[in-house]
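Colleague: I'd like to learn how to read a model like this one. Can we go through it feature by feature?
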Amino acid sequence: MKTIHLFIIFLIVVVAQLFIPTQMILNQESVLKYGTIYKFKTQPMDPSDPFKGKYINLNYEIDTFKTPDSSWQRNETIYVYIETDSLGYSKIDQISRTILDDNKNDYFLAKAGWYSKFDHKLNIKIPFNRFYMEETKAYDAEVVTNRPQNTTDSLLTTYALVYVKEGEAVLNDVLVDGMSIKDFVERESEKH
Amino acid sequence: MNSKIRNDIKELVLEQVISQETASKIETYYESKENDSPNKLFTVFAVLGSILVGLGIILILAHNWDHFSRSIKTFFAFLPLVIAQVVVGYSILKNKSATWKESSGVFLFFAVGSSMALVSQIYNIPGELSSYLLTWVLLCLPLVYLLKSNALAILHIAFSTYYACEYGYFYNSVMGTPWLFVLLIVSILPYYFTLLKIKASSNIVSIFNWLLPLCVIIVLGAFVDDNEFLGFLMYVVLFGVFYNLGMLPYFKNEKLRRNGYLVLGSLGTIFMLILTSFKWFWQDRFNDAVPFNSQEFYISAVLFLSALGILTYGYLKNQHKKVNLFQLVFIIFSILFFLNSIINAFPVIIINLLILVLGVVAIKIGASKLHFGVLNYGLLIISLLIVCRFFDTNMSFVVRGLLFVVVGVGFFFVNYLMLKKQKSIKSFK
């Protein structure tokens with residue numbers, strides 16, 4: 001094959017290699033720009049990924065939903081419809097296997113976990129459960145958010161700010177005590 | 001030129017085996033050959049350097065710099081990728097040396113991975129490691145062919161295996177079958193076949209001869225779904241495929257260290273046979289009907305037909321029309337496997353006999369080829385069989401002890417005989 005032909009094929013490969021990350025960015029940016037913002041109460045934990053670095057795993061309070069339907073299979077796709085409660089946090093309004101035309105609330109896509117026949121609750125695997133942090137801060141974030149505070153002796157309210165648009169959800173930040181978890185960890189480590 | 005060759009030439013001239021004129025001709029030949037071939041060592045170091053730099057970039061970016069804004073982080077996600085693409089483009093356009101192509105290709109490989117990882121990190125994009133690895137490997141596959149790069153082909157195979165293990169063995173929710181691994185391996189085969197054709201005797205071919213079967217052996221277990229018992233059959237038949245591949249005329253005359261198929265096929269076959277030579281293995285499964293309508297059965301069937309095809313092809317191409325027992329193990333085992341539900345205990349006896357005969361066959365092959373390694377391998381098979389029977393038979397300690405003494409003496413005796421034979425052949429020459 002001639003060099004020029006090789007080069008043309010290479011250019012196609014280059015476009016594909018640039019297209020994938022660009023597409024990833026554009027998808028997320030569109031949700032951040034046009035999506036609706038929601039607060040999800042959560043509790044962080046710190047694992048790491050060999051290529052992407054340290055992140056905190058977010059365990060959400062709304063990761064179960066009471067339903068009499070016991071036929072859910074593991075890993076089945078769920079449309080999770082959400083609404084805001086009186087305190088401003090998100091709660092699940094309804095779950096479904098298909099898009100519901102009569103429900104005007106926002107929804108995001110998730111996967112089904114196991115169904116507990118004991119208390120009739122379906123476990124939901126929420127997709128936006130990774131929040132990447134600077135490697136030195138991820139573990140501290142877990143520690144400080146799980147530590148009872150001296151003043152109130154209760155755990156701090158930690159919630160995730162998530163933009164939701166037509167099934168897509170982008171995790172924008174995690175807030176502790178109304179402050180971004182990155183700044184909160186910095187402040188706490190200076191204190192101690 | 002190699003200093004050993006230079007010394008040898010000097011010695012040959014001194015001993016008047018070759019003339020001074022021939023000596024200088026030989027020297028010029030080697031020197032011209034050296035000029036033609038690219039500096040392999042330099043290529044190896046350049047590739048290693050690229051791997052280290054690439055991995056280093058991934059690690060530095062994985063630190064996740066909090067003080068940078070989202071747009072600066074995005075810029076850094078693309079920077080290594082674009083630099084690597086420009087360097088690779090330049091190497092293709094200017095048709096640079098293999099060193100350039102190999103090292104820039106490897107750098108681009110890691111840049112693709114790091115850019116995707118960083119974008120996922122910046123936007124907290126969820127996703128399994130396996131799907132990330134799959135996208136990464138697919139985006140870099142064309143580079144193997146465009147750059148004709150061995151290092152990229154090796155990375156492709158290694159990362160495809162990583163993907164399949166992640167998807168099939170470690171997937172944290174429900175394990176799936178990594179069918180795409182088959183596609184990934186098939187997609188690299190044309191490159192491998194070209195190497196076999198053009199660079200048959202090069203070291204890189206030996207590396208692939210080991211790497212390919214090894215990866216398939218590692219991953220095959222991920223294709224076992226619910227019927228673990230059939231998994232054993234899948235592995236025995238797979239080792240049959242490899243052994244028969246290694247016995248094809250193309251590979252047969254290669255040295256053992258270059259013929260990964262034969263060595264892995266033989267070792268794997270013996271390992272599986274020893275494992276299935278215990279009574280408990282078959283007893284527990286006596287009442288289980290073989291699930292014919294399962295993916296494990298279909299995979300076993302495809303592997304069986306491939307092994308049979310390769311065996312027949314090898315037999316037809318073989319001038320002596322000879323087949324050794326190792327080549328037929330997969331057929332015997334398959335028959336026993338399906339007979340198990342009819343006659344219990346029967347497979348155990350046959351498998352024990354089979355291992356014994358295979359040991360003898362290996363000793364015979366070793367003796368006829370004057371190969372100490374193969375000879376002792378045969379003795380080792382028999383010893384292993386005896387050690388295993390030590391645990392599950394009611395033989396008296398005296399008989400077991402005597403058996404060990406006999407095998408031990410056998411080791412000395414057979415090796416001694418062979419050494420003598422080798423010496424007599426040398427002195428005859």
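Colleague: How many bridges join β1(A) to strand β3 of chain A, and which way do the two run?

Modeller: General idea first: two strands pair if DSSP finds at least two bridges between them. Strands are DSSP runs of E with at least two residues, helices are runs of H or I with at least four, and both are numbered from the N terminus. Here β1(A) and β3 (residues 53-60) of chain A run antiparallel, with four bridges. One pair to look up is M45(A) with its bridge partner N57(A) in β3(A). Bear in mind that this is a predicted model, where local features need pLDDT of at least 70, side-chain atom pairs count only at pLDDT 80 or more, and totals for chains, interfaces and linings use all residues. Residues are numbered from 1 along each chain as its sequence is written, while chains are lettered from A and ligands numbered from 1 in the order in which they are written.

Colleague: What else does β1 of chain A pair with?

Modeller: Strand β1 (residues 36-45) is also joined to β10 (residues 158-165) of chain A, antiparallel again, by six bridges. There, Y38(A) has V162(A) as its bridge partner. In total, chain A holds three helices and 12 strands.

Colleague: What share of chain A is buried?

Modeller: Count C-beta atoms, placed from the backbone: 20 or more others within 10 Å is buried, 12 or fewer is exposed, and in between is partly exposed. In chain A, 31% of the 192 residues are buried.

Colleague: How far can I trust chain B?

Modeller: Check pLDDT, the predictor's confidence in each residue, from 0 to 100. Where it is low, the predicted coordinates should not be read in detail. Chain B has a mean of 86, with 93% of its residues at 70 or more. For the complex, the predictor gives an ipTM of 0.79 and a pTM of 0.83.
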